[in-house]
Every structure is written in structure tokens, then in C-alpha cells.
Amino acid sequence: MKSISCDVLVVGSGPAGLAAALEARQTGAQEVLLLERNDELGGILQQCIHTGFGLREFGQDLSGPEYAWRWIDQVHDAGLQVLSETMVLSVDATRRVVATSKALGMIEILPRALVLAMGCRERPRGALAIPGTRPAGVYTAGTAQRLVNIDGYMPGNRFVILGSGDIGMIMARRLTLEGAEVAAVCEILPYLSGLRRNLVQCIRDYDIPLHLCTTVTEVRGQDRVTSVVVSGVDADRRPLPGTEREIPCDTLLLSVGLVPENELTRMAGASMDAVTGGPRVNEGYATDIPGIFAAGNVVHVYDLVDDVSQAARIAGRSAARYACSTQAPTGPTVRLVAGENVRAVVPQLVHPAALEQESIALHMRVRTPIEAPVNLDLRLGERTLLSRRFRYVRPAEMLTLTLPQRLAGELAGATELSVHVRT
Amino acid sequence: MIDIQEFICVTCPVGCNIRAEVVNNQLVAIHGQSCQRGEAFVQEELRDARRMLTTTVQVVGGTLPLLPVRTASPIPKRLLLLLASELRRLQVQAPVEAGQPVLPNALGTGVDVIATRGITAA
Amino acid sequence: MPDATYDVIIVGAGVVGAHIARQLSRYRLRTLLLDKAADVGDGTTKANTAIVHAGYDARPGSKKALFNVAGNAMFDQVCAELDVEFDRCGTYVVATSETDLATLQDLASRGRANGVTGLELISGEEMRRREPGLTEAATGALYAPTGGIVDPFALCFAAAENAVSNGVELALNTTVSRLLLEGNRVVGVDTNRGMFRSRWTIIAAGLHADDLMRTAGLEGLVIRPRKGEYFVLDRAARSQLRNVLFPCPTPVSKGIMVTPTIHGNILLGPTANDVDDKEDLGTTAAGLNETLTGALKLIPGLDPRLMIRSFTGLRATGSTGDFEISTPAERPGLLVLAGIESPGLTASPAIALHVVDMLREAGLTLQERPEYVPTRKGIPRFSLMTTAEQEALIAQDARYGRVVCRCETVTEGEVVAACHSPIPARTYDALKRRTRIGTGRCQGGFDLPLVLEIMAREYNVSPLEITQKGGASALVFRRTKEVGL
């Protein structure tokens, strides 16, 4: 088996992998190797042909492919090594990576530092246990997106979409533009799961019916879906008897959540956060396995690609520093804990010593939306160290709170900080 | 007579809730926007709502079957479906450069439809 | 009317029909195996608990008891010959009350009467030692070391492929509407693809055995579908369970069990509800809830968030309560297999041998074919190989280096091989059963577009013609663009 060593190995070339690899090089790692399972770089961005990318990174409203190619061009210009059509099969705690590649066969890669950037995957029907038959015509929104935008095939003519995640709403528009009918978008929650601008430009612009507090309670059809039954739900998301309504359709699309893809992370033995579904990381996006870092949706699911690129840069930088043994944060860490109306905080651990060097951005989501001004507080015990005001908070929109360097002294000796959202 | 209209701004991912006071289709007061682009958005929605169209067109002789395209700038909302259906009948010959216009002056709007990636010849 | 006359027509290519076809392929016979579905094993075979039962359940002296124990004993050899994964891991029946302990005693003595070897009653404490996640309520268990787990689809298509390789003809998408009669004699079948004449007709049609018998005027036997709903958990849950666990049985069912599958998932179920519709393969909220509740009674720590799929199976429950295996005197030329519900999978290889004996006794001339090959080799399974084996395989064919199903690590090479195996995987579901593609956490979300492309290429058809399971189950409907290519 061919054996390759390098300074930094990045697994996955979506927005996270591209940014991490480039940043690792710019931080001083000489041999940076980027692995991609597809035949070209860019990951899922290549099928996200809609715009909305790059407003912060490039100050422009770009499509997914445009955003991807800006990064891919930089990766090529920087002379990074790239192995496409290569799938990682295993990773261990010593960072030994085994992969299979159509060109090279089985290969072993022994990097000094490893960045995991595999992205996330969609929750399928089975995870929801929607009752009914098992006909053809039940797809996740992302699979439909790939079929329509890359392969050029329509997975159906008349759709019901379950879930108001961004991909679901974007596909509602996309399918309409390709001549299909979207009979309904159903969301079990009383509010949207995706961004509000998608409500306007993907749903309302095309007069697509949106039903909140509604879910699919049965799939019907033998060979192919012939209809779905939708029902209203109560406050605990339980279907309300008597509200059932049958909607004829040939396809059910699911946009019911994304899950960080972490098989390799688990294989390496990294500690996981049960809430985010990703590894527990520190301010440099280091997992608790030495030399293994995590970038982008592997850590937690972001709503904006620009945020993925930004966080992945930090992971790439830390990986390069680790590989070059120049700098690695040391000393005790402080745990970050989700308090009132906060679902999870990333990073989960912070070195006060690292905060002395640079500020640290904390990312989090609320559990329930509040359409009124709120404070996001960072507390040490009962004492509020930092507070930021938001005009409203919504689970679909990630919140960021930046720890300024001046707090480094306050953090020294602390074991736990908590964040709370209060009205 | 003041007409109160609600908007969700689509200019950026924040999606501000904007309440506009409108008289004779003229904006007289505006609340809720967190930046200046909010007002510009509402002005345009009142005058002639515009959106970017993104779709694909068929490529002949390329390494991929489909080319992702978009309008170079937003076009009137009422033309979105019409242009999308027009583009379902368009064929483009590979190679294609990113940014290359594939349909100039789409539907007489003065806006080009451009490729959002390059595709090499097979 | 086709003039071809078969020696034997087998109606139904489930695990029973497939084993019979394989056994008949040893002899100089012209045999036709028919199924209405687009793939073999599409009925009860595809949706059951995948257990090779030890044989303590059935009443001593019954056909169920006889063929269960005989079939169980054949599994090591049959699975080795057919290249099918089988794990004789042993099974447990767990008692959670004093009454249950008495039931275990009954099961043990019944098992011994049936000839089951190695049965052992163990204490609740010992059972919890063997299964650390087991309910605290466990009071004891019956251990059956001869029980095991198998892949029922693999067993079925392996047997069918072996039969086809040995000359049996297979006709899929072929629905039998009635048996052909000449006087009292059954002389073949009428189907949607014409009539087929034969000297012997074997009904191995699961749920539909009674319907077919009725077309030849044979009344009396009734098959009631008994619905069982299941959940599958991701392989990430595998550490939560070590053993095959049954609760104590009730009069209608063996109860909701918790078992590892041969592929490392965990299977929960089944429920047991009599239904009327033989096509009613829908899951219900109530059934799935009952399944989960039942499973959690045995292993309270199972994580329901790891659910990746739910499905329904229909047991072909016969009105006599036992397997019905007979050659009705009033209909010469007909051999009926009916009511082959659990332990039908375990019994299937033994039933097949018995059927051959019955045909011989009834006068069918069975002349051995010296060219008969009892072994069959499955397609390579990349994920189960050592690194050195994987390397060698890729060196031979680079398509084994391209992973198209990330969750189950299935390669393009395996998909291509399945498209060109003796019974080609013509549908997505058929491919899934042969390669495990799309059976993992993402349930096909990643591989489906790639598979459409590969299958279309290998069969030289448009992706528009690829179906999930035959019939009108097309996966995609039209091209997005209205211009020709």
C-alpha cells in the first residue's frame, strides 16, 4: 500500500476543507494535502446553484459554484496537493488515515496534523419513522437538488415538502422553476426552520402554500407515492386527531434537519457533543485527540457558508501550527455551557492563555425564537462578564458572541462559563 | 390614507421585518430595517420587485450535462417563470467560461444570463 | 399457448421456492421459477426477523418442529456453499416474571422433545452478565446455542442464483392468475405473460397460496396475513446490544425481540396484528410505538434516535397453525406449500429436500446431473475485506476503488458486479439487497444519483427506466430540459 506523509491533511473539499487547507498553507504548513471523494472540489456547493453566498467573504451575492470556484482557484494557485475521487475509510487516534482512490488504490496517509471537514448529511425518512407504505418517491431535499441541478432529472411532478429548512425552501422554488408543482410545504414547528428571506423569495414569490404546525402522518402509494396525509400538531408536536388531510402528490421531499457527518471523528476516538452531533472542540477547533481538528459542519451545522469558511480558517491555522510545532495552546481550559434558551455553544472549551493572543468567537443557537429584543449574556458564576443585545433571536440563525482579549484575566482560574438568552 | 405594508428584506441573510407606511404607492415612513439596504429594498418592492434568477441550461459537448447560470443582476419578479421556461429550451456549446453570457439581454430586460462556472469540452 | 412443457413450475421465488429450485437443479429437469415481483425474495422473505431459530417453539410432532430443527442443522453447510453470511451466535428467551420462568421450562422441554441440542436455563444474574444493558426485571433466560442470524435476502437470491446457474429458468414480473386444469390434473399456470405448461406445479406463493389453490377449486385452507412492524437502528447502536433476545412468547407471536443483524445493525420487532389486505405493507404510528415500547422493555437503554428505517412484514399465517406441505389427491400434478410462516426461513432448506422426496415418491424421475455445481460465489464485498484484499481487488478493477455508498462502504465495482450477476439487480431495491447500498444512515440519499447513472450505463437504458422495485416505481420522471440530447 502506498504511504504518504504530509504536514496537514484535510478530509473533504467543501467550503470548510477549502478554507482550512488554504489557511494551513498560509500559516506555514508546506505540504498540505486535500482529499475529496467527488471528481471535483467544492463539495455540496456545486449543486447549490442559487445565490446567497459570499456576502461577507467577497462582498458579493454569489451562487454556490461561484463561491466554490473562488476558493478552488486559490487552492490551485497556492499549489496545494489535491487527491479527488478518494474516500477515507478509517482514521485512528495516531492520525493514520486509510483511503481508497480510483487512481491510487488503497493508500495510507500519515499527516502531522489532520483536519476533518466532511460536512453534514440529511436526516432521512427512517429517522422520523413516518408511518405508511414504502413506495418510490420519498427523497431528501439535497438528493433532489443533486438530481435536478447536476444530473438534470426531475424526481417528480407534484411535490409535498416536509420541513422548512433552507434546502427544502430553495428546492420548492427550484422545482417550480423547472415546471413542477409544489402542493405544500409543511413545518411541524410554529416557526420556520430556515432563513426568513427564503420564505419570501422561495415560497411567497411563487405562491407556494406553507403550513406551520403541520406534519406528514402517512405516506400512501404502492409503487410510487400517490398521496401523503398531513395533520396539524399540538404544542408537543403530536398529531391532532381529526385534522388529517390527504394531499395527492407523487413525491415527498424531506428537509427535516442536517446531522454533522462524524463517522471518522468517532473512529478516531474524539469526544462528542451529544447536542451538536459534532466533536467537542477548543477555540482552535482542536478535538481532544492530539493533532486532529474539525472544520465547518462537522463541528455543528451552520446556516451560512461564509461562517463555515471563517471557522474553518481557524481550524486550518491551528492544524498548521500543530504540524509545525510552533504554537499550541496550553494550560487549563474553561468549559462553555449552554444556559437559558441556548441549545449549545461552540467551541465547548477555551484556553484563557489563547484568549490573551486573540479574541475568540463563540457560536450558538437559541432553543426557541423570541421576536423581541433580548440580551445574550456570558456569565462566570452569577457575574455577567459580557452582554450583547439582539433585536430578536431565532433557532435558524446562529448567534455569535466574541470574547475580547481583555477577558483573559477574568477567565484565568475559572472552570466554567455559561451563556444565557434573556428578555 | 396610509397603507401599512409588512416586508421581510431579502437583501442579506438577516431578513429584517420591515413595516412600511405607504401613501399612493409612495413610501412615507419605514420601521424595522437594520441597515440602509432595507429602505432601498422596500422602495424597489413598491416600484418593481426584482429577484435574481438561478437555474441551469443544457450543455452540449461538455464534461457535465448542465451549466449553472444566473441573471447578472435581479430582473422583474413577474418574468422569473417565463425566463426559467425559456432557459429550459436553450442549449450551450462547451467549452463555457465562468461569467460568460449565455443569453444576452434576457427577455429584453437588458440583463444577461451568465454562466456561474466554467465547463470544459469533453 | 407456449408449447414449452416444464417438468416443474415453482410459483413464488421466495426463500422456500428458491431452495426448491436449487434442489431440483441437481437433476435432469426443466424447471421454471416464477415470481410476480421484479426481484426474487420480494414477499415475506424480505421482511422478517432474520433469525435461524433453534426449534423449541413449535409443538413436538408438528411439521414446524420437524423442519425447523432439520433446517437449522443444514445452515452451516448451505450458507458455506452459497457464500451467505451466517452467524450461529445462539439466542436467548428472557423471562421477566415467575410465570415467565415456567414458560422457559416448557420451552426447554418442548425443545428437547423436538431434538434441539444444548438448551440451557440460566439465571437472571447470569443473563445480565452476558447482556449488560438488559432490563433489571430479568429473572432468567433460556439459552439456545444453535440459534443464529442470517441475511434472508442473501440466502434467497444466493439459492436462486445457484439454481439459475444450474439451469433453472427464472421469470420475474410474472403474475400467476390461475392454475391450468385438464380434468382434475393441474397442468401449469396462466400468467400475465402467457400460459406455461408443466408436469408438476409447486405453490410456494406465501400469502397467496390459498388464492392460487382456489383457482383450482381447492377450498378450505385460508392464509391470513399477520402484520409485523419493525425498526432498524444504525450500526452506531451496535454496542448497546450483544445478543439475540426474545421476550417470553405469547400464543400469537414470539413477541417483540431485539436482535443484532448479520450486518451489525439492531432490529426491533415485530408486532403481530391480523390484517385483511395481503398488500398492506404500511407501517402505523401505533405499531411502531408498540415495537419501540416492547424493545425498550428488554433493553431500556436503546437509543431511538439511531432509528434509520421502519418496515412491515406480513406473515403467511395458515388456518391449520402448521406448515401445510401436501400433494392434494384430488389435484394430481400439484404440490402445495402453505402457511410457511416462522420458522419458515430456518426450515426452508429442509422443506426443499422434503419436496424433492415427495416428487420422487409421486413418480417424478430424478436423474442426477453430473455437471451440477452446489456452490455459488457472491459478488465481492469490499467493506468486509482486509486492506491487502482491497488493494488486490482495486488493482484488478479500479472501479472497486470508487466508493458510491459512504455509509456502508459499497464500491462502484460491486454495483457493476450486481448488475451482471446470474440474477441481475434490475431495480434499486434488488441492488440494495445484493450490495447493502443505501441501507445505512443516509438511506440512499448520497448514492441514489450515482447508482442511477451506473445502472443506466450498465443496462444501456435511460435513468428514466430505472425503478425502485419494478412496475410504476420509477425513480425519476423526466429530464429537466426540454431539448433533446
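# Interfaces in chains A and C

Between domain 2 and domain 3 of chain A, the count of salt bridges is 0, a salt bridge being a side-chain nitrogen of Lys or Arg within 4 Å of a carboxyl oxygen of Asp or Glu. This is a predicted model, in which local features need pLDDT of at least 70 and side-chain atom pairs count only at pLDDT 80 or more, while totals for chains, interfaces and linings use all residues. Residues are numbered from 1 along each chain as its sequence is written, chains are lettered from A and ligands numbered from 1 in the order in which they are written, and side-chain values use heavy atoms, with hydrogens and water left out.

The domain assignment of chain A gives domain 1 (1–121 + 258–328), domain 2 (124–256) and domain 3 (330–423); such bounds come from an automatic or database assignment. The centres of domain 2 and domain 3 of chain A, taken over C-alpha atoms, are 35 Å apart. In this pair, 6 residues of domain 2 of chain A are in contact with 8 residues of domain 3 of chain A, where contact means heavy atoms within 4.5 Å. The two domains bury about 430 Å², and carbon and sulfur atoms give 63% of that area. Buried area is the accessible area (1.4 Å probe) that two parts lose on being put together, summed over both. On the side of domain 2 of chain A, Tyr191(A), Leu195(A) and Arg196(A) lose the most area to domain 3 of chain A, together 84% of what that side buries.

Chain C is also divided into domains: domain 1 (1–88 + 148–222 + 319–378), domain 2 (89–147 + 224–314) and domain 3 (382–465). The C-alpha centres of domain 1 and domain 2 of chain C are 28 Å apart. Their contact takes 34 residues from domain 1 of chain C and 38 residues from domain 2 of chain C. About 2,700 Å² is buried between these two domains of chain C, 60% of it on carbon and sulfur atoms. The rule finds 2 salt bridges across this interface of chain C. Lys278(C) and Asp211(C) form a salt bridge, with their closest N and O atoms 3.1 Å apart. The residues of domain 1 of chain C that touch domain 2 of chain C divide into 14 nonpolar, 10 polar and 10 charged. Here Ala, Val, Leu, Ile, Met, Phe, Trp, Tyr, Cys and Pro count as nonpolar, Asp, Glu, Lys and Arg as charged, and the others, Gly among them, as polar.

The next interface joins two chains. Chain C gives 53 residues to the contact and chain A gives 47 residues. Between them, chain C and chain A bury about 4,100 Å², with 55% of it on carbon and sulfur atoms. Arg441(C), Phe477(C) and Arg478(C) supply 16% of the area that chain C buries against chain A, more than any other three residues. There are 5 salt bridges across the interface of chain C and chain A. Lys481(C) and Glu178(A) meet through their side chains in a salt bridge of 2.7 Å, N to O. The side of chain C that touches chain A divides into 25 nonpolar, 15 polar and 13 charged residues.

Strands also link the chains. Strand 11 (residues 153–154) of chain A pairs with strand 23 of chain C in the antiparallel sense over 2 bridges. Strands (E, at least two residues) are DSSP runs, numbered from the N terminus, and two strands pair if DSSP finds at least two bridges between them. Tyr153(A) has Arg479(C), in strand 23 of chain C, as its bridge partner.

Technical notes: Helix = DSSP H or I, 4+ residues; strand = E, 2+ residues; numbered from the N terminus.
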